[in-house]
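This report goes through a few local features of one protein structure. Please look at the sequence and the structure first, then read on.

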Amino acid sequence: MTSHIRYDNKKLFVEDIPAALLAEKYGTPLYVYSSNQIAEQFRILKDTFDIVPNLKFLYALKANSNSELLKLISSLGAGADTVSAGEIFLALRSGFAPDSISFAGVGKTDYDLDFALDRGIGTIIAESDEELRAISERAAAMSKTANVSLRINPDVDARTHPHISTGLKENKFGINIRDAVGSARAAAKMKNIRLVGIHSHIGSQITEVEPFAEAVNSIREFLAKLSRDGIEVSQIDLGGGIGVRYKNALKDRLLPTETSEEPSIDLRTLAKVVKDGLSSSGYEILMEPGRFLTAESGILLTRVLYRKESSGRTFVIVDAGMNDMMRHALYSAYHQVVPVELGEKAFELVDIVGPVCESTDVFAAQREISRVDRGDLLAIMTVGAYGYSLASNYNSRLKPAEILVDKDYSRIVRDRENLEDLV
Ligand code: LLP
């Protein structure tokens, strides 16, 4: 795999531009994305899943919904997986065709449903019996027939962080697979609903094929049951969840090696599981990758504000905070943190923390890193997914700018907020 974020002559580059130059030009904290990395990730998926006939990728906007990134991803040929009227709006604005958009979410409002129906969105994914009735009612009021896919909860353990696991029966998502035949039967009878598919999403940052294989099996058994009831669908949506590696995103003799048992999902085996399990009956197969397409394309550049020694610990206080990047605060997520310029300085054990008034405002706890001082630049790696999209104004901090790089060209794809934006 080609990495477009790398060191050259001890300097960190995003494509052909030194990261230090970007920090100088646009200020910090700063999200920087590599457009060619996104294209590369999409190519990997397309090439690997080429063996599965009739498969389409719908990009999960929640991972990163910057409209310029969306334009790029739609131009690559992906559809869109959305969960709100806002995401549908952004997808349409960014070039996704209405019929290439699916609309999921466990609590769609009438406004959301009307918006989706009015815009002719491809498929609405229903997550409860009550919602099925609501979709049918809203469609009837607009004299439309909605294409609906039923989200089943296959009761599969995705073996990922509990906060991002969704396919267990105790999770709020989907219709329990045991009750779902009844729901499908009801849906098939509703006048303003066309039941087109089955949807399942078991979780995120999944690094093993097995949970997907279990979901595929459950779906197959479920489809057979439906068939016995005389209900046929044409579309199977396997959701998102393909994991990425967060450790050792960058390797160099001047960086500490990150010890890692982090498994890396075997995409070829996954493609084979999907092909062998589902493709024989001519279904259209959908997958909804979010993280896989954007995570590795993004870094967060931040400047060291201060060093502080306290009770034997060294704190490196940086100008990015948990409001800019929540993943450590929310899931204790690991992100590699590297110097923008490599040096021969000794490694030391530090806590890399932000300025926000919360003890969870941490990017890396007890992390080995070569010594950095006030004014030095650091890059927090692998933040292209669920980085900016989870950012907030907590502590009335201004959200950072976002920059998109294509070879030697960089441009602002979202302005840094200013004080007036807070009012
Ligand atoms: N489809 C559905 C129905 C989803 O709920 C999700 C993610 C995706 C697709 C995309 O999943 P992905 O391919 O990105 O794993 N904020 C968390 C992740 C939350 C994922 C929510 N749903 C994090 O930072 O790890």
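Tyrosine 111 is exposed, because its relative accessible area is 55% and the cut-off for exposed is over 50%. The structure is a predicted model, and the values below are computed from it.

Helix H5 (residues 110–118) holds both tyrosine 111 and phenylalanine 115, which are 4 residues apart, about one turn of the helix.

## Aromatic pairs

How many aromatic pairs does a search of the whole structure find? The number is 5. One of them is formed by phenylalanine 49 and phenylalanine 57, with 5.7 Å from centre to centre and 85° between the planes, an edge-to-face arrangement. Phenylalanine 49 has a relative accessible area of 1% and is buried. Phenylalanine 57 also counts as buried, at 6% relative accessibility.

Tyr31, Tyr33 and Tyr388 are linked by ring pairs into a cluster.

## Charges over rings

Two lysines are placed over aromatic rings, as follows. Lysine 108 has its charged end over the ring of phenylalanine 103, at 5.6 Å from the ring centre. For lysine 247 the ring belongs to tyrosine 334: lysine 247 lies over its face, 4.6 Å from the ring centre.

## A buried threonine in a loop

Where is threonine 382 placed? Threonine 382 is in the loop that runs between strand E19 (377–380) and strand E20 (401–406). Is threonine 382 buried or exposed? Its relative accessibility is 2%, so threonine 382 counts as buried, the limit for buried being under 20%.

Which residues is threonine 382 in contact with, leaving aside its neighbours within four places in sequence? They are Val244, Arg245, Tyr246, Ala249, Ala295, Glu296, Gly298 and His335.

Leu419, Leu422 and Val423 make a nonpolar surface patch of about 340 Å². Leucine 419, one of these residues, is found in the segment after strand E21 (409–414). Leucine 419 counts as exposed because its relative accessibility is 61%.

Technical notes:
Residues numbered from 1 in each chain as written. Predicted model: local features only at pLDDT ≥ 70, side-chain atom pairs only at ≥ 80, totals over all residues. Heavy atoms only, no water. Helix = DSSP H or I, 4+ residues; strand = E, 2+ residues; numbered from the N terminus. Buried < 20%, exposed > 50% of the residue type's maximum accessible area, 1.4 Å probe, protein only. Contact = heavy atoms within 4.5 Å. Phe/Tyr/Trp six-rings, centres within 6.5 Å; stacked < 30°, edge-to-face > 60°. Lys NZ or Arg CZ within 6 Å of the ring centre and 35° of its normal. Patch = residues over 30% accessible without salt bridge, like charges linked within 9 Å, V, L, I, M, F, W, Y side chains within 5 Å. Areas by Shrake-Rupley, 256 points an atom, 1.4 Å probe, with all protein chains shown as cover. Salt bridge = Lys/Arg side-chain N within 4 Å of Asp/Glu carboxyl O.
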